[in-house]
Protein chains: 2
Amino acid sequence: MTDSLSQSLVYFFGQGRADGTAAMKETLGGKGAGLAEMTNLGIPVPPGFTISATVCGTYLEVQQFPPRLRPQVETALQRLEAATGKQFGGAENPLLVSVRSGAALSMPGMMETILNLGLNEQTVAGLERLSENPRFAWDSYRRFVQMYGAVVFDLPKKLFDDQLESRKHRLKVARDIDLPLDELKATVADFKSIIQRETGKPFPENPLDQLWGAIAAVFESWNTRRAIDYRKLHDIPDSLGTAVNIVAMVFGNMGEDSGTGVAFTRDPSTGEHRLYGEYLLNAQGEDVVSGARTPEPIDHLKTSHPHAYTELERVARTLERHFRDVQDLEFTIERGRLYMLQTRRGQRSGHAAVRIAVEMVEEGLISEEEAVARIPPNDLNQLLHPTIDPTAHLDLLTTGLPASPGAASGTVVFEADHAEELGRKGVAVILVRRETSPEDFHGMVAAKAILTARGGMTSHAAVVARGMGKPCVAGAQEIDVDEGQRRFNVDGRGISEGEWITVDGSTGKVFAGQARLVSPTLGAHFNRLMSWADEMRHLRVRVNADTPADTHRGRDFGAEGIGLCRTEHMFFEGDRLISMREMILAEDGEGRQRALAKLLPMQRGDFEGIFRAMEGFPVTIRLLDPPLHEFLPKDPAEIEALAQQTGRSVKEINRKIATLSEINPMLGLRGCRLGIMYPEITAMQARAIFEAACTVAERKGRVQPEVMIPLVAHVIEFRKQALIVRQVAEEVFRSRQITVPYLLGTMIELPRAALTADEIAREAQFFSFGTNDLTQTTWGLSRDDAGLFLPSYIEDNIIEFDPFQELDTSGVGKLIAMAVDLGRRTRQDLKVGICGEHGGEPRAVHFCEAQKMNYVSCSPYRVPIARLAAAQAALAERGTMDRTRATV
Amino acid sequence: MTDSLSQSLVYFFGQGRADGTAAMKETLGGKGAGLAEMTNLGIPVPPGFTISATVCGTYLEVQQFPPRLRPQVETALQRLEAATGKQFGGAENPLLVSVRSGAALSMPGMMETILNLGLNEQTVAGLERLSENPRFAWDSYRRFVQMYGAVVFDLPKKLFDDQLESRKHRLKVARDIDLPLDELKATVADFKSIIQRETGKPFPENPLDQLWGAIAAVFESWNTRRAIDYRKLHDIPDSLGTAVNIVAMVFGNMGEDSGTGVAFTRDPSTGEHRLYGEYLLNAQGEDVVSGARTPEPIDHLKTSHPHAYTELERVARTLERHFRDVQDLEFTIERGRLYMLQTRRGQRSGHAAVRIAVEMVEEGLISEEEAVARIPPNDLNQLLHPTIDPTAHLDLLTTGLPASPGAASGTVVFEADHAEELGRKGVAVILVRRETSPEDFHGMVAAKAILTARGGMTSHAAVVARGMGKPCVAGAQEIDVDEGQRRFNVDGRGISEGEWITVDGSTGKVFAGQARLVSPTLGAHFNRLMSWADEMRHLRVRVNADTPADTHRGRDFGAEGIGLCRTEHMFFEGDRLISMREMILAEDGEGRQRALAKLLPMQRGDFEGIFRAMEGFPVTIRLLDPPLHEFLPKDPAEIEALAQQTGRSVKEINRKIATLSEINPMLGLRGCRLGIMYPEITAMQARAIFEAACTVAERKGRVQPEVMIPLVAHVIEFRKQALIVRQVAEEVFRSRQITVPYLLGTMIELPRAALTADEIAREAQFFSFGTNDLTQTTWGLSRDDAGLFLPSYIEDNIIEFDPFQELDTSGVGKLIAMAVDLGRRTRQDLKVGICGEHGGEPRAVHFCEAQKMNYVSCSPYRVPIARLAAAQAALAERGTMDRTRATV
């Protein structure tokens, strides 16, 4: 307590030096720290002082200021008077100040700014005289009373706006600034009456009262609902508090030699190295933001005020060099002289982030590690997928879940076959379904994008779309899809087959009509950055790919192997589905074997293609996983057709469907349970894998198959399946006279497998964490059904994130960590990876690095993201990365 | 190796002393140890010797005897000759021996006995002379050759039996013993020819060859398929091996002054303290077993051979005192003189076990702890449920799963309403369904027993039946239920409505017709035993009860509270279901509240009844758990009716049903997720609980409600629900002006809850492990769907037991242990219990004791079993219990 009592509550800056520095963000807030640092750098900043954020908590707790604050503020005011040669509340040469909040982290919802504080009936007269511009003085006064009423007294803005508008209307005046002086004065009087009427208190004439009222208002704004919610959402501790910045006013509204603006040191959308921004002459800050007047591009300043522009360029260069990053600046020009009011790290697009980071390395400003650490991995999505032209005018229909990034326009179709047919003709189509199932796969291939009314971020539509890198909006619950009528209704509007819509899978938004799109570009900067990242990371990055095409795409994005090849997707096409159904309908092992014999060459062909495409990188093939009923038809007509194809009776088929139907298919006869009940399936799949591998190896191709047994709960399940795979491998190697080294491992996707990982690792050579299913079972939460409540859970902050989107490190992660530890206890060289939807999620990648896993695997379009995240994770583990950077 | 080399391989007994003792079971096997101990006790046992079980493993590995065995056996033979005054292979006074196997644990499938070994053409002549009974001598020889051929040469018994039978038929002789001497001699010759013909080898004439052949055969029989399977099933190590007992023959077939028999020292079926058994005069051992002659009850021996009987009684008394337990004896009387051939622990019924244990305590033979430790808890089932008269002749239809113990006969009905209607008229009915659902509940109440074709041991039918203590056979897959035709077919037979069947839920057997049943009795012995058990145990035992009736039943069985009161069962009856459906169909919170207001008084009434019945013991009430669609009708007619009842359209209802339908209901909108989405439900249930509690408390009743929030995955779910419950409690207490102390806790039934138990225990005052759901999620295994593969898993030994029947301590148990530990870290006095199906399972009770839980809770009829198991667990933890005892 003594320490904190001896610590200053107020930090002055001005006249070339400041009490604080940029390092004191926690105390001074971002804004205050920037002002102090700029002052110390000799950059023109109006003098002022910052009240420490530590005061905020005290004030909010006891609803009064700590006693020692008042003298410190008064001392600072005196220093400010000395620095400016003006007097706070003085009628001769009045000191006016701005009061602004500023926490350590940028945060919406808090009070922003009060300008021109210190004005009253006396000081306004002084300002009139000094500026020789009564209209300026009274406009400033009007602005101050208006802001104070809205912000400090928390009155509805509308009260003041309506008053002002009706006056302008009556006088037939378009702009505030065109009001005659008398009317300005009358407006100030009216505003004061409004305050008196609404609050029962007069507008405070004493500038000190004004100041303390504003300071209190800043602190109070820390606890508005919006601010609290924002902090909760972003894990910002309530104890952080906000600082208060009190800065001598400089005026951008003193005439045409004055102005105000904002600027980025580089173009935040392209990354181009040039000053970027806009400004308004004869204006104060809020004019730029309000949009009432259209600001000029910053380039124009070069001609209009070349001196100020040169100065701004110099300051920008200095600040960028100093902070070693793009800065977002606020400035005011008062009678030709430039003042800087704020500097902070500049937000930028994904494209810009990459270009800036790479160019800054080239300029010697930052290291390669810093460049890599700086890019939020998910920002790469903007480089990988088309986006909607930000200038386009759009007609929003509804918003669903942003299930697979990228944007696309097309005409609506409701049926997979129809999508395929039109797609072949080159028509751009968007497949709209209540939800998709594996039978819609060919339609999804043909479509430009997918829109579903049901299903979450890990629904069939979402997963398949991400795998193909196609935009998808899932779970757009407001749309009512009538597949029979070939239309969907939303919010009273109907969209029929053939009409154009645009789907933005990055935001979840669905628009009517066709929108202009911006194509993705990767280019040299991207490649350079990724090559650095690849050198830094430990984790290998693999791709989840089920087809040679996916495999090629993964390779193009830098995947170093396949982490998950789902063999079931291979069974859904044409003839294969028929053979698969024959297999399921077979009466006995022999009948199954006959049907499987037809599937063998097709599957072998797929594997050959995949092995070749992977050029010797490891390929993890998961044996058949889904419940068999997924392969059977549901529709009576289809059942009839199947009966004819297979020579069985409809009754027989229906009986089989009934037998295989499950109450909880997620927890039923699937995964290795299938292989145990029908060992012929495992044997066929193993044969296809090893025969394909031998064929590639015989032609001098390198090939590394890794056979993965899914859904193991008990080590003996693994042992039984492993025995079959090993026997088949030996048979194939013997008959082909060649041996291909392979690994045999399992997916850890049930809690029991994680809990008994030591036993399983005695038999399994690798673990791949199937985090989708592991999340489902650990939470007792079906992905397919979570839609009934998970959105509310997230909205109500019961859980902070969707555990199917982000890895739940405190629950599921605990199981994973336990399994890695147990597994490596019995097998030191156990290869460990993660596949499933979390594999490309940056926080999950960090987690995997911390667990010292060997690889992560994700859908093709997430591979670059995972590569970058893996590099950042490696840097973070080495301690050389500022973690806050990449996540801001 | 030196040690084992110096150790004897052969242990002699005879002339009043033995090399071995009863403690050397591992070496001597059960039989050998018993013979040694009896010899040392001075009990008349024919002399002999035992070859150590350690020889078995060596022999089986190298297929030859260890070199030092032969001299040791020869020395023992010489001692035996000295003890008997006879000569092995001697023609004058031939020594004959029996050769019998005997492992440390009794085990079917192994070679049992060869009698009369040592006979050949020479020695049989000696026996003829000595016995002065040529028929006896040749009959003995005939038996020996026959047994040797079947057992040592492994020839089909039928070869010998057919030969003998055809001779008897030809000579018109009924009994073997009536064959003339010549024919006996001819038979021996024929048997030898059979052996020569079938094996290509002559019958060994040399008694030493006979002996070594028999010893080898005993060892070989350790590895028969049946023996191996039995050991696998009972976790008996293969390395145990069997000993071989070689004992001087005494002859029960020397005439009417000779005989052989078996006896128990107490009645193994009633426990009555009297000699119990049977015997045959002029017979050898196998005659008693074969059933060719009907043995006499042992009482008759008292009159026929009073001296032998008195001696047998004396021996029985001595052995029981010595072994402090009921003995199962084999004896032979040779010319009036009694010889004991075996003593071992006597198997007994549940009734007998209880009575014997209690009476032995009264006799001062064993301690109360031993009495308690000795009863296998599940044997109490026989005392709690009716059983089928063991003498009844039955017509087996099929066998399903023994889902709820007890037996019942009744006429078949296929429909719940019909069952209720007939039940009201006093007709005994058995409800037969493909599977049951909550809507069948009233039919199950009315039925004497339940039979289902589908579903496992934890299916709806099984769980409800166990709760009511009604017999149930579930998953009888062979029966084909045609509910429309009101008949079921099994194995080509049809059973129609109205026909009688008998269901034995203890064995899973279903019989045609009505069987005689034996009623259960508890009585004084049971109460005495349980009162001892209650003093010894630490674990409290509660009952799972949803109604006042169940609660009373639980109290009668000694439950000390309710561990699980499932509130949803209260909503399925009559008006309640209608209100429940109104609630589900409501458009908004207000509509739900209106419907819930109708349910409130009904639920409050239930709780009042339950609180009163529990007389101040704690009552854990679980808030609504199942998915709402379980309450909605499926049948179009019912939907129509619901539409009329609620004034809603069929379309509306169908839409609601579609909205609520789930792909994996087990992992969907249920448990606390319901209460979070519809907080009105939680509030209504809390109000019903606390108002009922206040009403009881106002009338000076003691009441301890414990409110349990189900299916928590994340602590915030608990926090949100707890807030509602606490608010309602305070409101009720304020308005009723009385305060009832209560606890607020959660069910730990998802892996994530277990993994984050430390966080949850900060808020929850108790944990109750819902092991059913925890098993489902940990294994990723739906109880409802496991029937497609779990039976094969158990059959193929992939898993050793059904994890829904026995607690999976290495998987699920690991999570439980972790949760108990984590929970108590943040709340030292956390109350911990287990509910669900495992609560009454003895091994799970031991596990709970080891985890230092506070209580277990189970269905009413399992309460006594849990009480006993809890006492045994406490004894085991104290180390005073011989664990093997209770599980043999």
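The model is predicted, so local features are reported only at pLDDT of at least 70 and side-chain atom pairs only at pLDDT 80 or more, while totals for chains, interfaces and linings use all residues. Residues are numbered from 1 along each chain as its sequence is written, chains are lettered from A and ligands numbered from 1 in the order in which they are written, and side-chain values use heavy atoms, with hydrogens and water left out.

**View 1. Chain A as a whole.**
Let us begin with the overall picture. Chain A holds 36 helices and 32 strands; helices (H or I, at least four residues) and strands (E, at least two) are DSSP runs, numbered from the N terminus. Taken along the principal axes, the C-alpha atoms of chain A fill a box of roughly 105 × 60 × 55 Å. Of the 888 residues in chain A, 58% are buried. Here buried means under 20% relative accessible area, exposed means over 50%, and partly exposed lies in between (1.4 Å probe, protein chains only). Among the contacts in chain A with a separation of 6 or more, 69% come from residues 24 or more positions apart; a contact means heavy atoms within 4.5 Å.

**View 2. The two chains together.**
The same surface serves both copies, as 96% of the contact residues of chain B recur in chain A.

Look for Asp808(B) in the loop between α32 (790–795) and α33 (812–826) of chain B. Is this residue, Asp808(B), buried or exposed? Asp808(B) counts as buried, because its relative accessibility is 2%. The side chains of Asp808(B) and Arg752(A) are joined by a polar contact of 2.7 Å. A polar contact is a pair of N or O atoms within 3.5 Å; within protein, one must be able to donate a hydrogen and the other to accept it, and residues adjacent in sequence count only if both atoms are side-chain atoms. Leaving aside neighbours within four places in sequence, Asp808(B) also has contacts that include Trp779(B), Phe801(B) and Pro803(B).

**View 3. Helices α23 and α27 of chain A.**
The axes of α23 (residues 589–613) and α27 (residues 679–698) of chain A come within 8 Å and cross at roughly 35°. Axes are lines fitted to C-alpha atoms, for helices over the stretch in contact, and angles run from 0 to 180 degrees between N-to-C directions. The crossing of α23(A) and α27(A) is right-handed, a term used if the near helix is turned clockwise from the far one by less than a right angle. Residues of α23(A) that meet α27(A) include Leu596(A), Leu600(A) and Phe607(A). By class, this contact of α23(A) with α27(A) has twelve nonpolar, five polar and seven charged residues. Ala, Val, Leu, Ile, Met, Phe, Trp, Tyr, Cys and Pro count as nonpolar, Asp, Glu, Lys and Arg as charged, and the others, Gly among them, as polar.

**View 4. Helix α27 with helix α28 of chain A.**
Helix α27(A) also packs with α28 (residues 715–736) of chain A, at an angle of about 35° and with the axes 9 Å apart. The crossing of α27(A) and α28(A) is right-handed. Eleven nonpolar, three polar and five charged residues make up the contact of α27(A) with α28(A).

**View 5. Two loop residues with positive phi in chain A.**
Most residues other than glycine have a negative phi. Arg324(A), in the loop between α13 (306–323) and β10 (327–334) of chain A, has a positive phi near 55°. Arg324(A) is partly exposed, with a relative accessible area of 30%. Phi of Asp491(A) is positive too, near 50°, and Asp491(A) sits in the loop between β20 (487–490) and β21 (493–496) of chain A. With a relative accessible area of 72%, Asp491(A) is exposed.

**View 6. Glu330(B) on its strand.**
Glu330(B) belongs to strand β12 (residues 327–334) of chain B. Its side chain makes a polar contact of 2.8 Å with the side chain of Arg100(B).
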